[in-house]
Every structure is written in structure tokens, then in C-alpha cells.
Amino acid sequence: MLGRAMVAAGLGGVLGAHRLADLPDSGTLALASALPGLAIWTARRARPARIAGLLRGLAWCLLAAWAGFVFAVSCAQVRLDQTLADGNVDRVSRVAVRVDSLPRQRPDRLEFEAVVLEARPGGVPARIRVRWPAGGWRGPYAPERPPDPPFPEVRPGQVWRMALVLRPVRATQNLHAFDYEAHAFASGIRAQGTVRGVPEWLRDEDWAGLSVIAGRARHAVRQAMEPHLRDLRYGAVLRALAIGDQDGVDAADWTVFNRTGITHLVSISGSHITMLAGAGALAASALWRRLRWRGRCLAERWPARRAGALAALLVAWLYCLLAGWGVPARRTFMMLAVVAGSQALQLRLSGSRVLALAAVAVVLTDPWSVLAGGFWLSFLAVAVLLAVGANAQERSGVSESASDHAAMPVRRRDRWARGLALAARLQWAVTWALAPLLAWVFHEVSLVSPLANAYAIPVIELLVTPLSLLLAAVSLVPGLDPVAAGLVRLVHGALALMMQPTEWLAALPAWPVPAGPAWVYGLALAGAAVALWPGRSTPCRPGGGDGAAQACRRGTVGLRMSGPRAWRVWAWLALLPMLLWPPARPGEGEWDLHALDVGQGSALLVRTARHALLFDAGARHARDADQGARTIVPALKALGVRRLDALVVSHADLDHAGGVRSVLAAVPVAQAFASFDLEAWLRAETRKLDAAATPLPLAAVPCRFGDRWRMDGVEFEFLWPLDVRTRRRGTEANAGSCVLRVRGAHHSLLLTGDIEIRAEAALVERGLTPADVVVAAHHGSRTSSSAAFAGAVAARHVIVQSGAWNRHGHPDAAVMERWRKVGSALWRTDLQGGVNARSRAAGLSLYSVLESSRRYWHGRRP
């Protein structure tokens, strides 16, 4: 028990190190390292013996936590030292790189991870991500087609010389959102480069390392499968099941998988690896028993069970390499390695010890694995399966003993009934055990997950995945195209048939879970653990009536669960705070502003006591990528916003209106305002995207000067434009942007869109009054925020929404200086992430996401 407690403490130390904003220096670590030693010395001198034993256990756990902390800090410091020199930022460097990952090709770009072999000038990290833009890109509405000119074939192991514009890894930062910078840091990516000019191929290094060899194998399989999967609806899913390459899986499909709780099935997970390893073990064991050497059976020289265990480990290792060696793959392989090692050494290890040793092995090979939600989800799922499975085995043993006592065989129908009951019990336990962690990540609980998994698990595990692997193998053999075509029809047909009810289930509503404090999820996790913890079984005794004796003879009922059953019933109530947690809201006359970090675009969410308004919806980047789906909709879920009472689209530029379609598809909108014909614009966008019709707001009207309304004691008023034109282009569209003033009981807010100096001058002439918070017009462009406008507004705080290293040079340094001269505090999303403002009776407060939740990998920004 002490060893497992030390493992938990060590994991806590590693996780604690990754929560730091700045890493401690070596002197601080050396000074603090005396604490575990002091604790052990104190424990050894303690009396009486029982207290001394408890203190010794605590001291050893403290030592394990400290060891985990120091290990994580040391690894992080080594990786932090691999940084891009300041002189190379946003400048062209000439580098020689070796492709080190499976390239991802999109219509507008090619992306891959690379190892830097040579760089001029120096100061380039050893591992970078390369983005190779396609020539002739025609914009975000362009239909997908091969790039012109086409990309050369890029494979792992190739060495290229190229000119790259290098920048540090920088991503949008919003509350309760995925931190791509953490993901890149954990992968060792310390810079990203964009290709300029035409790269030059130098040579192939096919055997440069294990990652290159595995990457070449994955590339070969992908190229062999591509002709058979190119035009299939779920072809990308079949490729993901075979080699873990999720590139090309439709975003709508991921939504269906997440809503139905089957995401773990459509990527290479532990169950897939275990299934394949088990098949390898059975085949190796059977073959081992039949082989002979010098007239003696090999099983007599070495047990077939050990040979099967080693074969399973080898198969799992090869499949994990083919799958890309992700966190679930590493976790499964480490568990199998522990089990195989115990078989070889003839050690008997419990399930909890296997989990503990596997966790240590995973963290030692990758200290950042604890940052991935899949790490905790996978270990928790395995722990639940082990606990419930052990309890079921115990109950089965008790039942069989009762059946033996009655001298009656168990019928086949009863065995099938037990098997189905066990599968249902396992699915029920895993669903509710993982619900708190999934609610933490996705802010909703799938109510249809048990039903979807009930049929998806056997279909995908027993049919689709094996046939996908068989298809991959057949595709590599020349001359077997007819066999591959038959396999494709069979496996794709089965998957398409399974997806029909799955899409219907995904359309059903999920239970929303707004972001709450950490203790809510911890309480729910503890409650689920108590409620699902298996009790001990005792055999029934034949007697006490004819019905009880008959049930005991059948062996199917009569098992009596001992333990505090009432506690398990009451433990379910611990999930209610998570499921019913009310999101924090302003009071009457108060407001909250969430200036979301959407890169070079605009998206502002204003909330009052019972209503919500969205001003602009971010940019559209491609046909299937926009900030509405990527940032705004997840933020609405996390904040508990289930409907928008008003949607304002300041003007028709794609950096402000690009995400409107995704927002309308995700949440109902009661009223829309725009400086253009929004419904006609949406119909035109639907035609360009060749997509289904977008749900429209209940009402849509132009925004015009003088229109005002009140919500929860907060007044909303349009100050611009004076006239409404149905079509505006270029600078004319900017000049016609909607300008909205928000006046609460205590503070005021001004949202300016992309208006420029002439519109600002007209507002000043009309008697523009000061505002406490202003969102700078046109992302801080030099064509806006004139000195007269800044002086008239006299804002206490100015928020600038812009993207890092954007091609427009926003925000302009002269504009920033104008705001400073009038005494405004400046907030920039490109440097500080999303910015939140709260107007309360006690005062006005602002904070940025990056400053409030910064981690050491984010670095210090100006």
C-alpha cells in the first residue's frame, strides 16, 4: 500500500511542477530538498510505534512527491533552454531539416514536425513545426482541390533545405479552452516556421531513428490505403483506426463521436492494442506448444504462457509505433510490459500495482503526459474495469460454488445473461466514473453514451478495427486490389450502418455542465467512486423457503452484497453539485465582458443578470474552420450560455462575421443586428460552402443610430451607423460598422467595430460621452483611434483584439501611445490572451487569461 501511495504522491509532484508560472532555480531546489530528509528524520525519532509508522509513511510519500517535482522541473528546464533566439523571431532563417512525423496535407498547406540539422543564423530550437503554404490559395471559400503546383512527396526521413520565417509557438488563450502551447511544448515543438520560396531536397535518411522508421512505415500504409479510401464518407475514420492518422476526419464526425461518447473507439485506444496483443499471444502460445527442437517440445524448455506474453508485448509495441505512440498507446504498452515482466519473473501483481508501475513508466518516459486528459481518463477507465471485473469474477465464483452445492449445471442461457449483465455493468460503471472528468473537459455529460457504446463497442472492436488492419496489410501487397476492394465495401458498409443510429443519438440534447470550481468535479468523482465501488459477495444458502432454495440452485440470484449499501445510494447525490452548478452571473444593473482571443478578429460576449449578447463572431479560416466553432461555442458552453438574446455583426468582413454560421448552428439567437443584410449574406455563404441551410435568428434588423433597449437594468444603444446600406465593400464596410454603447448602473462600455477616423469624428461632433472600457476600433489600426476620439472617450481601459504577428501590423504603436497619453490602461489579446471585465457596485475589474493562469511554457510576454 505504501508503494502505491508513493506513486500517487510522485504523480502529484509532477503535476504540481507543471502548474508553476515560473520554474524555481537550482539554489531554491537544493535548499528545499532538505525538507523530505527532515521529515524522514523526524518520523524515525517519533514515539509511539504506531504514530512513528504513520509519520514514516507520510515522509516517504513526501519524498516521492519531491522526487517527482524535481524530475519534472529538471526536464522542463532542459526543454525551456531550447528556445528561439530573439533576433530570429519573425525573420527568415535558412535551415536544413529532417522530416520527423507523418506530414498532414490540406488543400492550402502541408504541415510536419522536423528536426533542425543546420541553421543560419544559429539560435534555432532542435525541433520545430513547419508549415508549407500551397501556391494559388483562393481564400476560405475555395473548394478543396489539389494545390497548384502540387506539393512534392514529403516523407519522414527526408532532409530539405528551406527558408523559414520562424516564430515562437503562439496560440489563442481563453478560459476553459484547449492550450495548444502546452501540447506543443509537451511534444518538444519550440518554434514554428513558414516556408518562403521553393525548398530544396537534399537526401533521404531512412534509418535516422525509431521515429523516422515508424513514420516511414505509417506513410507507406497511408499511401497504400489512399486509393481505396479516397472517395468514401468514412474513409478517414478507417485510416485512423489502422494507423492512428486522424488527418482528414470531418469536424462534424468528431462532434458526433464526442456527443455519443464513442471518441475512444474511433482512435487507436488501449482496447484496440490489447485486442491485437491478445490475438498475438494466443497465436504464439498455440504455435509454441507445437514446435519442437532436437526432439523436445519448446513448451518443455520454456512455458508457452511466457512466450505468448512476450509475443503480445512485441505485437503491442509494433502497433503502438504504427499508431504514433500517443498517450493511450504508451499507457497500454506499459501495462502490457508490466504484466509480461511479471509473467517472465513469476511475480503475482494485483491490478492496482500494474496500474501504478505503468503510470511510473509512462511519466518517466514523458513527464508531460499528466497534462493530457487522456492520461487520467485511460487510467481511471482501466481501474474501474479492473475493480468491476474482479467483483464480477468473485460473484461468479460464489455463484458457481452455490451451483455446485445444488449439483445442478449452469445453463447456457444463464451464462449469456451473466455476460450481458457484466457488459452492461462495466459500461454503466465506466460512463459514470468518467463523467466528472469529461464534464471538466467538454462541459457536458452525454446521456446517450451507454446506449451508443452498447452497440458501437462490439461493431468497432470486433469487426471494423480488425478489418481495417487487414485492409492495411492487403493494400501493401501488389496484385490484391480486388481483395482490398471487397474488404473496403464490407468494413465501410458496417461503419456507415453503425453511424446511422449514432448520428440520430448525437442530435439528442446532452446535459450541459457549466465550468465550476475544482471541488465540484472532485466531489462528483469521489461520489462516483463510492457509488460504484464493488461490495463483497457472500454465497446464498439453500433454505429459507422454496423460492430462495430454487434461486440458489440456479446460481443466478441469491448473491448477497455486504457493506454499507445505503452509502452507495447516497453517494450519487455527490454528482448533483456538478450537474446543477449555476454559472456565476452579474447582478441587476451589472455586466460582464469577455473579449475572446480569436486571433486577428473580433468576438465580444456581454452578459447581464439573465441575458447574453455576442458582438461579432470571429474569423473564418477555411471551409471547415472558423473561430465560431473553435472558440466561441466552447466558451458559451463553459459559461453556461444556452441561448443568445442578441447577436450583433458589426460588418461583413470575414474577421468579424466568419463564425456567425457556427454560432447560429450551436445556440438559438432571439434577435440579430447587422450593418448589412445578414440573411442574404448567410444564404450566399451557404451556397459558397455547399452546405446545409443555417438556422436563422428569430428576428434580424439593421443596426442604426438611436436604437436602444434595456436588459436587466443595463442599457444598450447603437451610436453608429447613421444610415444602412445593403452592400458595403472595403473601407466603406468599415465605415458602416455598428457601434454599440453599453451603460450599466455603475460603468459603461463602448464596442466600436472597425470604424475609422471619419466616423469617429462624427461621433465626437454628436457629443460622444466618456466610457470606462473601450474596445479599440479596427484592432488598433492607425486609421482609427484618433487623438480627438481618444480624448473624448477618456477610457480607463482599452482592449485591443488582434493576432500575433498579423500581416497588417496591428496594433499601431502610435495608436497605443495616443491611448496612453489620455491615461488608459492597455490590454492586448495577442500578448495577454482573452480579457475579461466585470462591472460591479464595488468597482470595475479587468484581468487577462494568460496572466491569471500562466504556466512556465507560456514565457514572459511584453
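Which residue in strand 29 is the bridge partner of Asn-836? I looked it up and found Tyr-847.

Before going on, I noted that this is a predicted model, where local features need pLDDT of at least 70, side-chain atom pairs count only at pLDDT 80 or more, and totals for chains, interfaces and linings use all residues. Residues are numbered from 1 along each chain as its sequence is written, and side-chain values use heavy atoms, with hydrogens and water left out.

**Entry: the sheet.** I checked strand 28 (residues 835–840) and saw that six bridges join it to strand 29, antiparallel. Strands here (E, at least two residues) and helices (H or I, at least four) are DSSP runs, numbered from the N terminus; two strands pair if DSSP finds at least two bridges between them. Then I traced the open sheet: eight strands in the order 20-19-18-15-14-13-28-29, with mixed pairing. Strand 20 (699–702) and strand 29 (843–848) are at the edges with a single partner strand each, so one side of each has no neighbour in the sheet.

Entry: Next I looked up the second largest pocket, about 710 Å³ in volume. A pocket is an open set of points on a 1 Å grid over the protein atoms alone, where a 1.4 Å probe fits, with protein on both sides within 12 Å along at least five of seven lines; lining residues have an atom within 4 Å of a point. The volume is the space filled by probe spheres set on the points, which are joined across faces, edges and corners. Of its 32 lining residues, Pro-168, Arg-170, His-858, Arg-860 and Arg-861 are the closest to the centre. Helix 5 (180–186) gives the largest share of the lining, three residues.
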